[in-house]
Every structure is written in structure tokens, then in C-alpha cells.
Amino acid sequence: MSEPLVLVERRGEGARKTALLRLNRPKQMNALNGELMDELGRALLAADADEGIGCIVITGNERAFAAGADIAAMAKKTYAEALAEPFITRNWETIRQVRKPVIAAVAGFALGGGCELAMMCDFIIAAETARFGQPEIKIGIVPGAGGTQRLPRAVGKSKAMDMVLTARMMDAAEAERAGLVSRIVPADRLLDEVLAAAEAINVLSGPSVALAKECVNRAFEGTLADGVMFERRVFHSLFATADQKEGMAAFLEKRAPRFIGS
């Protein structure tokens with residue numbers, strides 16, 4: 001039986017655990033092909049549906065988060081074939097359906113589709129060894145999984161143009177300065193730090209976390225006025241939850257809250 005392309009673990013000690021999804025094509029530096037993305041999509045949806053999971057982490061290995069899409073699998077595709085599948089759209093967008101927080105833990109190379117997958121996550125924690133880039137221009141194409149859209153939103157137009165047009169890689173320090181990653185940690189501490197961040201989320205109110213994620217994402221989808229109104233309605237709605245009552249009571253009573261997820 002062939003080795004799974006995505007290794008799935010449950011981590012954590014509390015009532016809600018973290019789903020750790022590890023990309024597993026080490027010989028190909030975790031190049032993303034259709035089969036891997038199918039497996040990753042199934043694992044993401046399963047974790048999202050699991051009431052015992054509070055947060056999801058996607059990672060690779062010390063050499064590469066993912067060094068891009070699998071060029072060998074796409075080199076001979078015709079326009080008609082890519083359009084009919086539809087290539088990328090069919091299985092790369094599954095992560096957008098996930099309501100629970102998804103953290104990318106990036107060490108080594110996150111290039112092309114690997115960089116795009118990391119940017120699809122809710123935030124990125126990077127090892128000092130991380131390298132980000134969109135080198136598609138060097139093989140006669142452009143980014144196809146959101147690279148030309150998410151990268152400018154993260155780092156601004158000028159830096160995104162530089163990376164997309166010249167294929168220049170960005171190291172972890174520059175990525176943090178530019179706003180692409182939330183923080184940098186020592187390579188040997190990457191997984192520990194990411195799991196600690198996930199655990200900090202796991203103990204919170206599930207409805208509040210899901211709606212907070214939705215609110216932040218809304219900021220990139222419309223006008224400021226629409227986003228603020230959406231946030232306001234979500235804020236009001238949370239006063240209908242038991243977790244709001246518990247959270248505020250715990251604050252006033254100077255104790256830790258005991259959230260129940262409703």
C-alpha cells in the first residue's frame with residue numbers, strides 16, 4: 001500500500017485538539033499534485049466537521065513546506081484540458097470552505113503553489129529557514145492559485161510585483177517585515193510554537209473563533225463600511241451565546257472561563 005500523501009495526527013491535551021496535517025512527498029519536496037490536494041481537502045473537511053478539533057495546522061518538513069505545484073504533472077496539459085478539469089479550481093479551493101482556524105507552519109521552501117497554499121491559511125508562522133516565492137514566470141506561466149491576488153494584499157503592490165515578475169525569493173525576516181508571516185521562530189521550535197498557538201485558540205469559544213475568522217476575512221472582500229456593519233452584527237449576535245455570558249462572568253469573577261461552544 002502506498003504511503004499517504006498527507007499524514008494526519010491529533011495533538012493536544014485539552015477537550016479540543018489540534019489536527020496536524022503534514023504534507024508527505026519528501027522526495028519531491030512536497031510538490032503539490034492533484035492526488036495530494038485531494039487528500040488534503042478530505043483531511044481539512046474531516047477536521048472541520050470534527051467537534052473534538054478546535055484548530056488545524058498544515059506543515060511540511062524541514063526542507064520544504066511545499067516547493068510548488070508538480071510541474072511534471074502539468075507540463076503537457078493543453079488549455080482545453082486545464083479549463084475542463086478545471087485545473088486547480090477543482091481541489092485547491094477546499095481550504096476556503098473551512099470555518100475553523102488554519103495555521104501554516106512553514107520551514108524551508110514555500111514556492112509557487114506552496115506559497116499560495118500557505119497564504120490560503122489564516123496565518124503563517126515561519127521558521128528562520130523559510131523562503132517564500134512565486135517563480136512561475138520562469139516557466140512561462142503566472143501564479144494560478146491566488147498568488148497574484150493574495151500576495152499584494154499581504155505585502156503591497158510593489159513588493160508583490162517584484163516577486164512575481166522577477167521570481168525573487170523572500171526570506172523569513174523580510175516576510176515578517178512585509179506582513180506575509182505573523183512571526184518567526186527558531187527552526188527547531190517551529191512545531192512546538194505553532195501547536196502552542198493552536199492550543200491558545202482551542203480553549204476559546206468555538207463560535208467566537210469561527211465568527212472572528214469570518215469577520216477578518218470579510219475585510220478583504222468589500223468596502224470598509226460593509227465590513228464594519230458585518231462585524232457589528234456578528235458582535236451583537238454573540239450576546240445570544242452561553243459562552244459570552246460565561247466569558248464576561250469569568251472576567252468579573254477573576255477566574256478562567258469554561259466555554260462550552262454554544
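Reader: How many cavities of 30 Å³ or more does a search of the whole structure find?

Author: Rolling a probe the size of a water molecule over the atoms shows where empty space is left. In this structure the search finds 1 cavity of 30 Å³ or more. A cavity is a set of points, on a 1 Å grid over the protein atoms alone, where a 1.4 Å probe fits but cannot get out; lining residues have an atom within 4 Å of a point. This is a predicted model, in which local features need pLDDT of at least 70 and side-chain atom pairs count only at pLDDT 80 or more, while totals for chains, interfaces and linings use all residues. Residues are numbered from 1 along each chain as its sequence is written, and side-chain values use heavy atoms, with hydrogens and water left out.

Reader: What volume does the largest cavity have, and which residues line it?

Author: Its volume is about 30 Å³, a volume being the space filled by probe spheres set on the grid points, which are joined across faces, edges and corners. The lining consists of Met 37, Leu 40, Gly 41, Leu 44, Asn 91, Trp 92, Thr 94, Ile 95 and Leu 117. Two or more of these residues come from each of helix 1 (34-49) and helix 4 (89-92). Helix 1 contributes the most, with 4 residues. Helices (H or I, at least four residues) and strands (E, at least two) are DSSP runs, numbered from the N terminus. By class, the lining of the largest cavity holds 6 nonpolar, 3 polar and no charged residues. Here Ala, Val, Leu, Ile, Met, Phe, Trp, Tyr, Cys and Pro count as nonpolar, Asp, Glu, Lys and Arg as charged, and the others, Gly among them, as polar.

Reader: What is the volume of the second largest pocket, and how many residues line it?

Author: A pocket is an open set of grid points with protein on both sides within 12 Å along at least five of seven lines. The second largest pocket has a volume of about 510 Å³. Its lining comprises 27 residues, of which Arg 16, Glu 51, Leu 204, Gly 206 and Gly 261 lie nearest the centre. Helix 1, strand 3 (53-59), helix 9 (190-202) and helix 10 (206-218) each give two or more residues to this lining. Helix 10 gives the most, with 5 residues. The lining of this pocket has 13 nonpolar, 6 polar and 8 charged residues.

Reader: Which residues of helix 6 are buried?

Author: An α-helix has 3.6 residues a turn, so residues three or four places apart point the same way. In helix 6 (147-155), the buried residues are Gly 147, Leu 151 and Val 155. They lie on the same side of helix 6 because they cover an arc of only 20° around the axis. Buried means under 20% relative accessible area, exposed over 50%, and partly exposed in between (1.4 Å probe, protein chains only); the arc is that of the directions from the helix axis to the C-beta atoms. The buried residues of helix 6 are covered by elements including helix 5 (113-120), helix 7, strand 9 and helix 8 (172-178). Just after helix 6, Gly 156 has a positive phi of about 95°.

Reader: Which residues of helix 7 are buried, and against what do they pack?

Author: The buried residues of helix 7 (residues 157-166) are Ala 160, Met 163 and Val 164. Their arc of only 90° around the axis puts them on the same side of helix 7. They pack against strand 8 (131-133), helix 6 and strand 9 (170-171). The face turned away from this buried side carries the exposed residues Ser 158 and Leu 165. Ala 167 follows helix 7 with a positive phi, near 70°.

Reader: Which residues touch the most other members of the largest nonpolar core?

Author: In soluble globular proteins, nonpolar side chains tend to be buried together. A nonpolar core is a set of buried Ala, Val, Leu, Ile, Met, Phe, Trp, Tyr and Cys residues joined through side-chain atoms within 4.5 Å. The largest core has 47 residues, and Ile 58, Phe 132 and Leu 180 touch the most other members. Helix 1 supplies the largest share of this core, 6 residues. A second, separate core of 15 residues includes Ile 125, Val 185, Ile 201 and Val 209.

Reader: Is Glu 246 buried or exposed, and which residues does Glu 246 touch?

Author: Glu 246 belongs to helix 12 (residues 242-252). Glu 246 counts as buried because its relative accessible area is 16%. Leaving aside residues up to four places away in sequence, Glu 246 touches Arg 255, Ala 256, Pro 257, Arg 258 and Phe 259, where contact means heavy atoms within 4.5 Å.
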